[in-house]
Amino acid sequence: MPHNHSVDDAEEGNTILKDHWNGLSMTEPERIHFQNVIATFNHYAQYSLSANNRRRKDVFALSREDQDVLDKLGYKKKLDEVDTAILANADFLAKIVENPEIFGHDLEEEEDPSPSVDPRQAPEPHHSHSHGHGAADHSHDHGHSHSSGHGHHHSHDQHHGSGHAHRRKKYKPTEFDMDKLRSTLKQFVRDWSEEGAQEREMCYQPLIDSLLEFYPNAQSPEDRSKLRVLVPGAGLGRLAWDVAKLGFSCQGNEFSHYMLLSSYFILNRTESIGQHKVYPYVHSFSNVPNRQSMLREISIPDVPPSSLPPTSNFSLVAGDFEEIYGLESDPDEPQSGQWDAVLTCFFIDTARNIVNYLRTIHKILAPGGVWINLGPLLWHFENNNTNDLSIELDLEEIKALAREIGFEISNERDMNATYTNNSESMLGYVYKTAFWTATKVA
């Protein structure tokens, strides 16, 4: 999706985003991938209920004595409660993809996935659930799910599948697809819930504080509106939204269809605090301290997305970071030297070629502009099986590369941070992230 198609802020701040995606040009594999993502959303209920139904089958495989013991513990009742939560999630996800034509793509007809299937009759999932924590997949998901190792959900979905115009074989989402969707639910917690506030304080606030420190004379909305800030790998858009809330002219960039569909919904189709309820922790029974923790309801959003000031300039651009900002492909929207700040949060390790990432950041910054970074180095294409290029530098090499390209690095420090962390889980991961401020000096 190499084209720069923005979804811009609406007049008078009443609606955050207006649809400017109609006519978005896509290759055939990208179009098919988009349809497969929609299918994954639509198959969530059937797939997840099937996984939970497997637990019921396991109970019935036990002796009557053991079944009676589990009945006394309320285990079967808990399975029913998980079904209810899954169906609530399915209703929420269905709203996100209710009108996918707003993105300008003609969708082919596909057989009804029957999301309301009786959980006790649901077929088994297509793939088993792996509990390993090996090499990262390439979904760019820095979260730690029970099935996909240590990845973080940014930018590059794998485009796969096949089909023909107007009619195609029904797509059956894989465990990989469903794990990306489950990660998206957790991303809503990180970006748009009260529960995610602590994680945002760890990850987003240092970037925002440094931006304010770098431009101390920009105090009024008028002054800040003259400063252009880019947030690549914007995910569900909260960091970019927070920057725009402060008065800066801010643009987020995102590649993942899971993120783009979801961010459009939360920013453009959501009006009030706590309008939606999700249950992001019902998919795994591992490392659960109690039933209440697993079944807890998360309300989103924690702020009204339409509350940006009327003078704010906020946009989201769909597409690959390097292809949009690394090339002067749109003469009406030049990039070189046009940005005053670039904020990268858990982003730079999504690069196939980190040299080009840093060169692109340097190129688009104005002289004296600032690049502020926070994140780990979990190279997402390391040991990939898709023959993708992957250049994997260590931290000192990256800093040396930045200096070689023309940055002066300051304010270097390590910062502990989490990514879509479940605060009540018995298992958690903490990244020792690298933070710095880099000024374009050459």
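Lys76 has a relative accessibility of 24%, so it counts as partly exposed. On this scale, buried means under 20% relative accessible area, exposed means over 50%, and partly exposed is in between, with a 1.4 Å probe and protein chains only. You are looking at a predicted model, in which local features need pLDDT of at least 70, side-chain atom pairs count only at pLDDT 80 or more, and totals for chains, interfaces and linings use all residues. Residues are numbered from 1 along each chain as its sequence is written, and side-chain values use heavy atoms, with hydrogens and water left out.

**The overall picture**

The protein has 442 residues, and 56% of them count as buried. Its fold contains 14 helices and 12 strands; these are DSSP runs numbered from the N terminus, with at least four residues (H or I) for a helix and at least two (E) for a strand. The accessible surface is about 18600 Å², and carbon and sulfur atoms account for 49% of it; such areas come from the Shrake-Rupley method with a 1.4 Å probe. Take the contacts, meaning heavy atoms within 4.5 Å, between residues at least 6 apart in sequence: 76% of them join residues at least 24 apart.

**Salt bridges**

The whole structure holds 20 salt bridges. The term stands for a side-chain nitrogen of Lys or Arg within 4 Å of a carboxyl oxygen of Asp or Glu.

One of them pairs Asp83 with Arg56, at 2.3 Å from N to O. Asp83 belongs to helix H4 (residues 75-96) and Arg56 to helix H2 (residues 44-60), so this pair ties together parts that are 27 residues apart in sequence. Both partners are buried.

Lys76, where we started, has Asp71 as a salt-bridge partner, with the closest N and O atoms 3.6 Å apart. Another bridge joins the side chains of Glu424 and Arg296, at 3.7 Å from N to O. Here distant parts of the chain are linked: Glu424 sits in the loop between S11 and S12, and Arg296 in the loop between helix H11 (291-295) and strand S7 (298-300), 128 residues apart.

The table gives the accessibility of some residues in this report.

| Residue | Relative accessibility | Class |
|---|---|---|
| Asp71 | 36% | partly exposed |
| Glu424 | 37% | partly exposed |
| Arg296 | 10% | buried |
| Leu395 | 25% | partly exposed |

A network of salt bridges also links Arg200, Arg238, Asp242 and Asp302. Two of these residues, Arg238 and Asp242, are among the buried residues of H9, along with Leu239, Ala240, Trp241, Val243 and Ala244. Helix H9 (residues 238-245) is mostly covered, with seven of its eight residues buried.

**A buried glutamate without a salt bridge**

Glu322 is found in helix H12 (residues 321-325). This residue is buried but has no salt bridge, and the nearest side chain of opposite charge, Arg352, is 5.7 Å away. For charge, Lys and Arg count as positive and Asp and Glu as negative, while His and the chain ends are not counted. What does the side chain of Glu322 make a polar contact with? Its partner is the side chain of Asn356, at 2.5 Å. A polar contact is a pair of N or O atoms within 3.5 Å; within protein, one must be able to donate a hydrogen and the other to accept it, and residues adjacent in sequence count only if both atoms are side-chain atoms. Beyond its neighbours within four places in sequence, Glu322 is in contact with Leu327, Asn353, Asn356 and Tyr357.

**Helix H14, face by face**

Helix H14 covers residues 395-405, and Ile398, Lys399, Leu401 and Ala402 are buried in it. Viewed down the axis of H14, the buried residues fall within an arc of 160°, so they line one face of the helix; the arc is that of the directions from the helix axis to the C-beta atoms. Glu396 and Glu404, on the other side of H14, are exposed. The buried residues pack against helix H13 (354-364) and strands S10 (365-375), S11 (407-417) and S12 (431-440).

At the N-terminal end, Asp394 caps H14, with a side-chain oxygen 3.2 Å from the backbone nitrogen of Glu396. Setting aside neighbours within four places in sequence, Leu395 is in contact with Leu377, Ala434 and Trp436. Leu395 and Ala434 are 39 residues apart in sequence, and their C-alpha atoms are 8.0 Å apart in space.
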